[in-house]
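Please look over the fold first, then read on by topic.

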Amino acid sequence: MYYHEQVISHSSHVPTLLVHGGAWAIPAAETRAHEAGVHSALEAGFGVLSRGGSALDAVEAAVVVLENDHTFDAGRGSFLTSDGRVQLDALLMDGGRMKAGGVACVERIQNPILAARLVLERSPHVYFVGAGAEAFAASHGMPLIDNCALVLERERARLTMAQSRQAAGLADETFSGRIDRDDKSPETAAEDIDAESTQLSHDTVGAVALDVHGNLAAGTSTGGTLNKTPGRVGDSSLIGCGCYADNASAAVSLTGWGEPIMKLVLGKWATDRVAAGSAPEFAAREAISYLFNRLGGHGGIILLGPDGRFGIAHNTPAMAWGLATPAGLESGLTI
């Protein structure tokens, strides 16, 4: 299989787009903003598909909208590292050409998914990090910004609160609510999901798409976890972990605690189930069960097969999700 060769069907396909805006304990006060953000992403991405555009372009368009929405942990308004900076990760993957582009720990790029697209299309490499990723993007015409342009005062307040709770030894229940613990050392800390702590979090964004030509694509973008150690990279931008696409199996984007997802290479695990004959709906639920049963992990998944069948699942209190087909747009906060 060479990069320039497409793995496609010659029959027409029903264009389909799935997006997510993170899986966590989304408080009631945040639901309207999450639903509106997901709906805007669906409109942008499905607009591309409805005009006969590629799955890759549709995913990119949808994720850009989510990165530009301060509701979500991607782009401007993302969580801050322990030293008060924004570091962004993103991955974009073309399931027909089996090409991927990823960036991590970038601090001067407004939309990391656009930098990931540059890596995918214009580099023989797959992944760039930090200053090297920024230099590559700049060399291909992407403007670089000051990191302070990505920082919101809201996030400075969240960081201060998180560090005070961490110092008090309180555990993070952002993703699990009051249910269970995750296999992850707490980098944030909230005693419980109450009126004060519900303003502590938001999460990763992603999209998967199938175009009329039968091509699949996937993209995931994140600002990582609140109060993370500088240089930490989660699952979102790692191939086979938080994102994966292959026309011969499925396209997937995951969200939640990155460390358990990485250990299980959960994105590839889920697409392999589809390739082996499992319906995406079943494979999605199975993947989230595996995440929890094996490592106590919490998160969510959107999974799309080459025949247009799809699955959505999460074991967090909520997950912002959306679906667009020629029949219309649909979204929700739970499955």
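Which residue in β4 is the bridge partner of Val103? The partner is Phe128. The model behind this briefing is predicted. The chain holds eight helices and 12 strands.

**Overall make-up**

- The chain has 335 residues, and 61% of them are buried.
- Among contacts with a separation of 6 or more, 69% join residues 24 or more positions apart.

**The eight-stranded sheet**

- Eight strands form an open sheet with mixed pairing. Their order is β4-β3-β2-β6-β5-β1-β11-β12.
- The edge strands are β4 (127-129) and β12 (328-332). Each has a single partner strand, so one side of each lacks a neighbour in the sheet.
- From one strand to the next, the twist averages 5°.
- Strand β3 (residues 99-106) pairs with β4 in the parallel sense, over three bridges. The bridge between Val103 and Phe128 lies in this pairing of β3 with β4.
- Helix α2 (residues 55-67) packs on this sheet. The helix touches β1 (16-24), β2 (88-94), β5 (205-210) and β6 (216-222). The direction of α2 makes about 160° with that of β5.

**Helix α3**

- Helix α3 spans residues 112-122. Eight of its 11 residues are buried, so the helix is largely enclosed by the rest of the structure.
- The buried residues of α3 are Pro112, Ile113, Ala115, Ala116, Arg117, Leu118, Val119 and Leu120.
- What do these buried residues pack against? Their partners are α2, β2, β3, β4, α4 (130-139) and β6.

**The four-stranded sheet**

- Another open sheet has four strands, in the order β7-β8-β9-β10. Its pairing is antiparallel.
- β7 (243-245) and β10 (310-314) are the edge strands. Each pairs with a single strand, so one side of each has no neighbour in the sheet.
- The twist here averages 5° from one strand to the next.
- Strand β9 (residues 299-304) runs antiparallel to β10, and five bridges join them. Leu304 stands opposite Phe310 in β10.
- Helix α8 packs on this sheet and touches β9 and β10. The direction of α8 makes about 25° with that of β10.

**Aromatic pairs**

- How many aromatic pairs does a search of the whole structure find? The search finds two.
- Stacking requires planes under 30 degrees apart. Both Phe128 and Phe136 are buried.
- The other pair is Trp269 with Tyr290. Here the centres are 4.5 Å apart and the planes again make 15°, so this pair is stacked too.
- Trp269 belongs to helix α7 (residues 266-275) and Tyr290 to helix α8 (residues 280-295). They are 21 residues apart, and the pair links distant parts of the chain.
- Trp269 has 14% relative accessibility, so this residue counts as buried. Tyr290 has 23%, so that residue counts as partly exposed. The cut-off for buried is under 20%.
- Trp269 also has a charged neighbour. The charged end of Arg273 sits over the ring of Trp269, 3.7 Å from its centre.

Terms used:
Residues are numbered from 1 along each chain as its sequence is written. This is a predicted model: local features need pLDDT of at least 70, side-chain atom pairs count only at pLDDT 80 or more; totals for chains, interfaces and linings use all residues. Side-chain values use heavy atoms; hydrogens and water are left out. Helices (H or I, at least four residues) and strands (E, at least two) are DSSP runs, numbered from the N terminus. Buried means under 20% relative accessible area, exposed over 50%, partly exposed in between (1.4 Å probe, protein chains only). Contact means heavy atoms within 4.5 Å. Rings of Phe, Tyr and Trp (its six-membered ring) pair if their centres lie within 6.5 Å; planes under 30 degrees apart count as stacked, over 60 as edge-to-face and the rest as tilted. A charge sits over a ring if NZ of Lys or CZ of Arg is within 6 Å of the ring centre and within 35 degrees of the ring normal. Two strands pair if DSSP finds at least two bridges between them. Axes are lines fitted to C-alpha atoms, for helices over the stretch in contact, and angles run from 0 to 180 degrees between N-to-C directions.
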